[in-house]
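Have a look at the structure first, and then let's walk through it together.

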Amino acid sequence: MCGITGWIDWTRDLTQDSSILEKMTKTLELRGPDASGTWISAHCALGHRRLSVIDPENGAQPMIRRTEDDDLFVIVYNGELYNAGELRKELEAAGSKFTTTCDTEVLLHSFMEWGKACVERFNGIFAFAIWNVEEQELFLARDRLGVKPLFISQANGLFLFGSEPKAILAHPDVLPEVGAEGLAELFILGPARTPGQGVYKHITELLPAECMTVSQAGTRTTKYWSLESSPHTENVQETAEHVRDLLRDTTERQLVSDVPVCTLLSGGLDSSALTTLAVRYYEQTGQGSVHTFSVDYADNAKHFKAHAFQPNSDAPWIERMTTYLDTIHHPVQFDTPELVAALRDATFARDLPGMADVDASLLLFCREIKKEATVAISGEAADEIFGGYPWFHREDALNASTFPWSLASDMRASLLAPDVEKWIKPLDYIGDRYAQAVAEVPHLDGESAAVRKMRQMSYLNITRFMPTLLDRKDRMSMAAGLEVRVPFCDHRLVQYVWNIPWDIKTSGDREKGILRKALRGVLPDDVLTRKKSPYPKTHNPNYLAAVKGLLLDVLNDSSSPLLPLIDVKKVRELAESADASSNIPWFGQLMSGPQLFAYLYQMNLWLKEYSISIK
């Protein structure tokens with residue numbers, strides 16, 4: 001994995017601006033700690049930071065290749081192609097000559113051979129830009145599910161792009177400004193974002209499965225893939241076998257690496273399945289033992305209390321799986337001071353306020369993993385595509401007429417300063433974004449109301465909630481120089497499961513029932529039937545006290561940039577109330593009272609450190 005950036009300007013000679021390119025590229029140093037490279041011409045400048053995974057010796061970027069007709073192409077690329085081997089054979093048969101074993105060269109030759117349609121052949125996670133010197137044209141593309149980010153800006157006659165907003169903000173012509181839409185994203189949707197919304201003025205994001213062409217004639221965007229609805233023709237047993245085969249194939253593809261690979265293990269269904277498949281594959285290929293990593297918090301066992309959104313703790317189940325699989329296990333534990341201190345770095349990693357300690361703990365976790373491995377396998381997306389979250393199964397969420405992970409919109413809106421609420425209209429904004437999402441759902445003719453409702457819920461989760469967690473995993477892992485792969489995001493698996501009827505998805509009257517059935521004989525029965533518990537967070541009351549203190553410090557400082565945006569009296573009352581530790585989430589499953597305080601602290605930190613102008 002890597003960090004990429006660059007820009008196009010038709011009005012001046014960019015070779016005179018190499019220092020700007022170097023500055024933009026350097027902002028992505030944490031994403032690519034192993035090497036740096038730039039390429040610059042009159043109207044196109046490209047920068048790259050490299051995290052070496054495949055062919056560390058020969059995969060330097062920007063990579064340049066010529067056709068037999070001497071046409072020149074230059075690429076910067078962030079991602080992994082999991083079918084690079086098959087593509088390479090096909091390209092070699094067509095006459096391509098390779099000088100490396102890295103997938104970057106495969107991707108570039110694919111473009112040179114098949115043009116812009118090459119993306120339809122890729123199985124992987126990617127964001128890349130290719131400059132065609134002869135045509136003076138830049139081609140950019142992003143993977144189907146949006147696992148890898150790609151931000152763009154078309155401000156002031158420039159075209160800029162970067163793996164993270166910080167690369168674009170490093171350009172002197174792009175100012176850190178936020179308008180009404182950006183504030184609405186942060187205060188009523190955050191830490192989620194509307195697809196394509198960059199929050200900053202003049203910064204947007206290329207959508208998943210989109211390509212963009214930039215030339216002197218302008219920019220043109222096309223979509224090369226989307227979820228398609230069709231009748232499901234397989235019975236329960238056939239469906240389970242199909243799911244198992246797809247999951248095994250995608251997991252084994254994603255274990256290919258020239259550097260150490262490990263798995264993140266919580267003892268839950270998803271991570272246990274991927275870890276088991278990895279162990280079996282390593283046994284078959286003679287690659288030795290699999291290293292596993294888990295995260296926990298000081299005194300969590302003492303303070304944990306089960307509730308609807310977090311029914312049990314992970315520790316006993318992690319021990320169950322590591323013993324069952326005989327992995328080399330690395331338990332990682334953090335205490336409150338570390339989590340609080342990491343809120344700052346987590347904000348800088350996102351370039352935005354985020355998921356508070358859920359982000360911070362993941363960043364710390366990834367830093368520890370990086371000491372032992374460069375690539376990790378993680379279970380993101382299983383709950384979105386198989387219907388595992390509580391809101392898939394709660395009537396109040398199904399009938400809420402809003403995003404089911406954002407049921408506290410009224411409370412959030414009430415925390416705004418009255419003039420800000422009037423300006424950004426938060427409840428109207430979230431209503432419009434919800435209506436936009438619902439209108440996109442590809443229904444089948446003749447679907448019953450119940451079927452339509454569940455398809456709609458699945459679509460919302462795949463296209464609106466899943467990107468939030470993928471953003472989190474990308475930013476926190478890459479800020480530690482760690483590549484995290486997500487097998488459940490394989491587009492073949494997502495497309496297949498999309499059309500599985502709800503009664504089959506919930507086989508055995510259980511959430512993710514078809515996945516459990518697919519994994520019979522793979523996992524122990526007690527792990528198969530374990531009730532879902534989300535990514536662990538701290539339950540230590542010291543954390544609540546610490547983040548309350550941080551927020552109160554913000555409220556007591558008259559220079560805090562957050563103060564003009566919020567109802568200070570209401571926020572203070574909330575912070576000082578006895579109900580602050582409520583387990584009722586205001587976002588997702590994990591973000592309740594303590595996380596709200598930390599989110600507002602991160603908001604103030606971001607406004608201050610990024611010198612944000614509200615316009």
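Axes here are lines fitted to C-alpha atoms, for helices over the stretch in contact, and angles run from 0 to 180 degrees between N-to-C directions. Helices (H or I, at least four residues) are DSSP runs numbered from the N terminus. This is a predicted model, in which local features need pLDDT of at least 70, side-chain atom pairs count only at pLDDT 80 or more, and totals for chains, interfaces and linings use all residues. Residues are numbered from 1 along each chain as its sequence is written, and side-chain values use heavy atoms, with hydrogens and water left out.

**H16 and H17**

- The axes of helix H16 (residues 426–440) and helix H17 (residues 449–478) come within 9 Å and cross at roughly 115°.
- That angle makes H16 roughly perpendicular to H17 (65 to 115 degrees counts as roughly perpendicular).
- In the contact (heavy atoms within 4.5 Å), Tyr-434, Gln-436, Ala-437, Val-438 and Glu-440 of H16 meet Gln-456, Tyr-459, Leu-460 and Arg-464 of H17.
- These contact residues divide into 5 nonpolar, 2 polar and 2 charged (Ala, Val, Leu, Ile, Met, Phe, Trp, Tyr, Cys and Pro count as nonpolar, Asp, Glu, Lys and Arg as charged, and the others, Gly among them, as polar).

**H7 and H9**

- Helix H7 (residues 269–285) and helix H9 (residues 315–325) have axes that come within 11 Å and cross at roughly 15°.
- H7 is therefore roughly parallel to H9 (angles under 35 degrees count as roughly parallel).
- Ser-272, Thr-275, Thr-276, Val-279 and Arg-280 of H7 make the contact with Met-321, Tyr-324 and Leu-325 of H9.
- By class, the contact of H7 with H9 has 4 nonpolar, 3 polar and 1 charged residues.

**The largest pocket**

- On a 1 Å grid over the protein atoms alone, a pocket is an open set of points with protein on both sides within 12 Å along at least five of seven lines, and lining residues have an atom within 4 Å of a point.
- The largest pocket has a volume of about 550 Å³ (the space filled by probe spheres set on the points, which are joined across faces, edges and corners).
- Its lining has 29 residues, with Pro-195, Pro-208, Lys-223, Thr-463 and Arg-464 nearest the centre.
- H17 gives the most to this lining, with 7 residues.

**Cavities**

- A cavity is a set of points where a 1.4 Å probe fits but cannot get out, and the structure holds 8 cavities of 30 Å³ or more.
- About 140 Å³ of space lies in the second largest cavity.

Key:
Helices (H or I, at least four residues) and strands (E, at least two) are DSSP runs, numbered from the N terminus. Angles under 35 degrees count as roughly parallel, over 145 as roughly antiparallel, 65 to 115 as roughly perpendicular and the rest as oblique.
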